[in-house]
Amino acid sequence: MYDFVVIKYSEIGTKGKNRRIFENKLMNNIVLQLDHNVSAKKIYGRIIITPKENKKIDSTMLNNLKRVFGIKSISPALKVEKNYEDIKNKIFFLLKEKNIATGTFKIDARRTDKTFPIRSFDLNKNLGEDVLNEFPNLKVDVHNPDYLIKVEIRQELSFVYFENIECYAGYPVGAGGKASIMLSGGIDSPVAAWLMMKRGMKMNAISFYSPPSNNEKTIMKLIELSKKLSEYYPFKFYHYIVPFTNVQMAIKKLNVESYSLILQRRSMLRIASKIAKHSNSSALITGENLGQVASQTLENMITISDATDMLILRPLVGYEKLEIVKRSQEIGTYDISIWPYKDSCVAFLPKTPATKSFPDKMRKYEEKIENLSNLEYEAIKNSLVYIIKNGEVIENYSFLEKEVLNLD
Ligand code: ATP
Ligand code: MG
């Protein structure tokens, strides 16, 4: 029934050129995320989304729009002719279609096209009276109406709507650089990814697993997580899945159980930094959170970070666990994260991980591992790559088949 969707976007606080870049990115992302089923155009601080022929504005389309970062709210709208009768009829039509017969309303008309002969004030008054006559059980409430019926009379286009569906706001993906998320199968890292995407970051994902234990299910879980993330992402989402068993075995042989977790994390970071550089990411993102587990004390974070000179973003560092869980439920990753399959084999996890550590000491341990950097390169070369778009895997291959790692 609707003709188009009116989009309001976040205040970006800039004018001129930057604003245009923001708007163009947002329009482009909307079209990509909706699989080219719509066209987008700009009119005065709004974006108007029109469905392509034989597509319609339904709840699926609205839900897809809600996941486009940079959008503040969406309002499905009806086009009106620039005459009073049509405006009135379209309002009646909307109210009837939506089965609205009781409650309170307010008409809020805005006329930026001054060639339209009726002033906003009179439109509000006359339309209000006509609605009251046609719907005797509706009442006017100008302060806190149940239904705020908006009428916009603009040069290019005029329309009516009364829904204003709040979205996530943020920035359009692509406005904020590119980073790689270290994606485990847990609850936290998918939320960390989502938050940075919402700030406009382009992204790919890197995960470590321990073949052959629980292989297929672990990979399936990781891919399900990135499929979910890809629903918020307008571009192809690359996911690198790195076999980590050989590195883990080499670390285990050192026989320093309490430090093995930290040594593994350092190695993960070195590998992830290489893949990040290879794929033009300029930072890493983790789901780390201060104090949640032994690996996440401040001291250990410092020791782990020492393994790379790449910037590490930790968007969840100050979050409460409950806030993270709530967010993961809202964005749809929680139900996947709680699947039982572990990302990494428990056999390699220490029973009592050290809560304190020192970079120098870890470097000494690492020097004792023969060929550590070779093992790390091999891990990258043996990784699997999945390309995901709008919730579907569109391609997958082994790293060596298609990619050439630039060795620094
Ligand atoms: P999560 O819920 O994201 O697993 P966590 O609270 O379990 O986090 P840790 O297991 O200490 O915390 O991991 C901290 C961070 O290190 C993760 O959020 C993730 O970014 C990264 N990480 C840990 N394990 C892996 C893995 N197997 N593959 C990729 N990244 C990992
Ligand atoms: Mg974890």
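At what angle do helix H8 (residues 257-278) and H13 pack, and how far apart are their axes? In this predicted model, H8 and H13 pack at an angle of about 55°, and their axes are 10 Å apart.

## Helix H13 and its contact with H8

The angle of about 55° between the two helices makes H8 oblique to H13, and H8 passes H13 in a right-handed crossing. On the H8 side the contact is made by Ser267, Arg270, Ile271, Lys274 and Ile275, while H13 contributes Leu372, Glu376, Tyr377, Ala379 and Ile380. Sorted by class, the contact of H8 with H13 has six nonpolar, one polar and three charged residues.

## Helix H13 and its contact with H7

Helix H13 (residues 372-381) also meets helix H7 (residues 245-253), and the axes of these two helices come within 8 Å and cross at roughly 155°. Because an angle over 145 degrees counts as roughly antiparallel, H7 and H13 are described as roughly antiparallel to each other.

The residues that meet are Asn246, Val247 and Ala250 in H7 and Leu372, Leu375 and Glu376 in H13. By class, this contact has four nonpolar, one polar and one charged residues.

## The seven-stranded sheet

Seven strands form an open sheet with mixed pairing, in the order S14-S13-S10-S11-S12-S15-S16. Strand S14 (311-313) and strand S16 (392-398) stand at the edges and have a single partner strand each, so one side of each is left without a neighbour in the sheet. Neighbouring strands of this sheet are turned against each other by 25° on average, direction ignored.

Within the sheet, strand S10 (residues 178-182) and strand S13 (residues 283-285) pair in the parallel sense over two bridges, and the bridge partner of Ile181 in S13 is Ile285. Helix H6 (residues 215-230) packs on the sheet, where H6 touches strand S11 (202-209), strand S12 (237-243), strand S15 (384-389) and S16, and the direction of H6 makes about 160° with that of S12.

## Strand S5 and its partners

Strand S5 (residues 103-111) runs parallel to strand S6 (residues 138-140), to which three bridges join it; in S6, Leu138 is the bridge partner of Gly103. Together with helix H4 (residues 120-134), S5 and S6 make a right-handed β-α-β unit.

Strand S5 is also joined by seven bridges to strand S7 (residues 147-153), and these two strands run parallel. Within this pairing, Asp108 stands opposite Lys150 in S7.

Definitions and conventions
Residues numbered from 1 in each chain as written. Chains lettered and ligands numbered in written order. Predicted model: local features only at pLDDT ≥ 70, side-chain atom pairs only at ≥ 80, totals over all residues. Heavy atoms only, no water. Axes fitted to C-alpha atoms, helices over the stretch in contact; angles between N-to-C directions. Helix = DSSP H or I, 4+ residues; strand = E, 2+ residues; numbered from the N terminus. Parallel < 35°, antiparallel > 145°, perpendicular 65-115°, else oblique. Contact = heavy atoms within 4.5 Å. Nonpolar A, V, L, I, M, F, W, Y, C, P; charged D, E, K, R; others polar. Pairing = 2+ DSSP bridges. Right-handed = clockwise from strand over helix to strand, strands pointing away. Left-handed = near helix turned anticlockwise from the far one by under 90°.
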